[in-house]
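Me: I am new to this structure and would like to understand the words used to describe it. Could you take me through them with care?

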Amino acid sequence: IECFDKGQKLYTACISQADGAHRYVQLSRRNFVLRAGTQDLCLRISEEHDATTQSMTTARSDSPPCIQKLRTVALCFLHAYCRCLVRFPRASIAFYVTVVVILIGIGWRDFELEKDFSSLIKADGDAMRHRDAYLGALGSIGGGEQGRKLQQSAKEYPPYTDDGVEDYWTTSQVSNTSVSDAPDGRRLTTYVYVRRFLTMIYEARDGNVLTERALREVRDFELRLRNMPEWHALCAVGLEAKRCDPGESLIAAVWPTPVKPNDADFLSQVIFDGRGPEMLPLPATLAYMKRKHDGSSHDQTSFDVRRYLPKDYVFPTEAGATLPATRAIRTKFQFLLGIGTGDNSPEEAKEMKEKVTEEFASLVKKQVYPLVTRAKDEYDQIDVFYSGDVISGYEVEQTLMLDILWAAGSTLFVMFFMWYHTGGLILSIYGLLVIFTSIPVAYVLTPVAKTNIASFLSVFVITGIGSDVIFVFTDFWGQSADHDEATEARLVYVIAHAGSACLATSL
């Protein structure tokens with residue numbers, strides 16, 4: 001029998017039973033008496049001391065034998081673990097650091113952020129899979145002949161497919177008259193390009209965007225976009241430059257540029273590019289566009305006024321009638337970034353694709369995004385809303401970076417409060433390092449292709465939970481001095497009590 005009699009404080013006694021097992025109890029001096037001439041330890045536990053002296057380490061007689069053995073094994077392991085920590089503190093720290101570094105190094109993968117907010121409503125279940133299958137089948141049916149043509153193009157040019165990358169790979173067949181070795185001096189060349197979109201919606205602050213003042217601000221904003229050197233360069237190297245300069249814009253029709261007529265039968269001729277010196281009357285312009293679109297058998301997409309105005313907008317039927325007010329108009333810019341022809345090798349096409357996509361991303365991040373975010377302060381009549389490739393995801397990234405800065409501020413506050421509570425700056429700093437180590441460990445242990453936006457809430461959550469765990473452990477460490485002065489015994493007490501209290505929240 002190992003009894004530690006040191007006054008009225010509680011200490012651990014290891015009792016050897018007849019069956020060779022061991023059990024541990026916590027008791028004070030007045031709670032036990034060693035009978036002379038016997039090997040029995042008689043416990044006198046009073047009601048008032050029952051809750052304090054019988055700790056969770058006591059093997060209760062009413063517990064099943066398997067539970068008693070499990071507690072005994074756990075307690076023996078806890079004593080051995082704490083003994084190792086006391087004897088080899090530096091080696092223990094080095095061991096844990098090595099394990100964490102190896103785990104992160106082995107499981108680390110390229111970080112990819114899921115910027116689609118619709119992914120937040122998706123769940124892993126049969127209902128969601130059935131819904132996705134239905135929407136996929138519905139889209140395939142809606143594609144019709146065009147969908148089958150795109151599938152055929154993908155079969156004809158498999159080197160240009162890039163699984164896992166959400167790009168719009170499109171082929172276009174045009175006549176190439178510079179090839180003289182063909183039988184008739186002409187042949188069809190397949191151009192492969194990446195399609196990128198930018199959509200701007202201009203909303204009037206006074207409720208009507210079809211006023212001259214509002215349209216002039218829209219024109220000024222779009223000219224600032226189109227006059228960017230990087231914008232002009234990408235449009236020049238792409239196919240069908242008019243899709244991005246001037247783009248599908250109502251401004252292009254309202255401010256046309258007059259040019260010299262090519263045909264003597266015409267008195268005047270204009271180019272709808274939005275760079276003209278004078279504004280045409282808006283009712284006449286809209287009427288001309290509507291008549292041009294409705295009366296033509298060819299594709300006159302740019303004259304379809306429904307692409308610029310809301311769906312519920314109603315045109316006046318009487319000549320000379322006042323145009324109804326509308327709150328917003330839309331402009332769509334489309335970049336067809338060529339990456340080669342069907343004669344290029346897959347390596348050349350891939351290299352060119354990376355080049356043009358990086359140039360487009362640089363244009364959006366460094367030029368377009370700062371301009372649209374400043375538009376609210378620079379214009380009095382309109383507000384500019386935007387969406388499209390790169391810019392939507394980049395806005396999410398900027399928002400997350402701002403949130404992380406708020407998290408950094410809260411972390412500094414927690415560190416100073418921990419310093420005040422624990423009385424140790426080093427303990428506070430290393431405690432936070434241990435807390436945030438759980439984030440990369442959780443990342444490598446979670447097998448997902450993309451990281452959801454909601455996962456960044458873990459920065460705030462882990463700061464609160466982790467700091468609370470540190471407070472619990474430091475408080476129990478202070479209380480352990482009332483039970484024993486030995487470091488090993490104090491560690492056993494802290495882990496047994498604080499560990500069980502924080503187990504649920506930590507997991």
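Reply: What follows is a set of questions and answers on a predicted model, going from the whole chain to single residues.

Me: Which residues touch the most other members of the largest nonpolar core?

Reply: That core has 52 residues, and the ones touching the most other members are F221, W231, F335 and V368. Helix α9, residues 346-378, supplies the largest share of this core, with 9 residues.

Me: How do you know whether F335 is buried or exposed, and what is it in contact with?

Reply: The cut-off for buried is under 20% relative accessible area, and F335 has 0% relative accessibility, so F335 counts as buried. Leaving aside neighbours within four places in sequence, F335 is in contact with V194, R195, R196, L198, W231, L234, C235, C244 and F360.

Me: What makes the rings of F335 and F360 an edge-to-face pair?

Reply: The search of the whole structure finds 17 aromatic pairs. In the pair of F335 and F360, the ring centres are 5.3 Å apart, which is within the 6.5 Å limit for a pair, and the planes are at 65°, which is over the 60 degrees required, so the pair is edge-to-face. F335 lies in strand β10, residues 328-341, and F360 in helix α9, so the pair ties together parts that are 25 residues apart in sequence. F360, at 0% relative accessibility, counts as buried, and ring pairs link W231, F333, F335 and F360 into a cluster.

Me: Why are F413 and F417 called stacked?

Reply: Their planes are 25° apart, and an angle under 30 degrees counts as stacked, while their centres are 6.5 Å apart. Both residues lie in helix α10, 4 residues apart, about one turn of the helix.

Me: Which residues form the nonpolar patch on the surface, and what makes W419 partly exposed?

Reply: The patch is formed by L412, F416, W419, L425, I426, I429, Y430 and L433, with about 790 Å² of accessible area together. The elements giving two or more residues to the patch are α10 (391-422) and α11 (425-445), and α11 gives the most, with 5 residues. W419, which lies in helix α10, has 37% relative accessibility, a value between 20% and 50%, and therefore counts as partly exposed.

Me: Why is T411 called buried?

Reply: T411 also has its place in helix α10, and its relative accessible area is 14%, which is under the 20% cut-off, so T411 is buried. Not counting residues up to four places away in sequence, T411 touches L432, F436 and T463.

Me: What makes L286 a buried residue, and where does L286 lie?

Reply: L286 lies in helix α8, residues 282-294, and its relative accessible area of 2% is under the 20% cut-off, so L286 is buried. Beyond its neighbours within four places in sequence, L286 is in contact with L250, V305, F315 and L323. The C-alpha atoms of L286 and V254 are separated by 8.6 Å, and these two residues are 32 residues apart along the chain.

Me: What is reported about the backbone at V390 and at the bond between D245 and P246?

Reply: Most residues other than glycine have a negative phi, and most peptide bonds are trans. V390 has a positive phi, near 75°, and lies in the loop between β11 (382-388) and α10. Its relative accessible area of 26% falls between 20% and 50%, so V390 is partly exposed. D245 and P246 are joined by a cis peptide bond, with omega about 15°, and P246 is found in the loop between α6 (229-237) and α7 (250-254).

Conventions:
Residues are numbered from 1 along each chain as its sequence is written. This is a predicted model: local features need pLDDT of at least 70, side-chain atom pairs count only at pLDDT 80 or more; totals for chains, interfaces and linings use all residues. Side-chain values use heavy atoms; hydrogens and water are left out. Patches are made of residues with over 30% relative accessible area and no salt bridge: like charges are joined within 9 Å, nonpolar side chains (Val, Leu, Ile, Met, Phe, Trp, Tyr) within 5 Å. Accessible areas come from the Shrake-Rupley method with a 1.4 Å probe; for residues, only the protein chains shown count as cover. A salt bridge is a side-chain nitrogen of Lys or Arg within 4 Å of a carboxyl oxygen of Asp or Glu. Buried means under 20% relative accessible area, exposed over 50%, partly exposed in between (1.4 Å probe, protein chains only). A nonpolar core is a set of buried Ala, Val, Leu, Ile, Met, Phe, Trp, Tyr and Cys residues joined through side-chain atoms within 4.5 Å. Contact means heavy atoms within 4.5 Å. Rings of Phe, Tyr and Trp (its six-membered ring) pair if their centres lie within 6.5 Å; planes under 30 degrees apart count as stacked, over 60 as edge-to-face and the rest as tilted.
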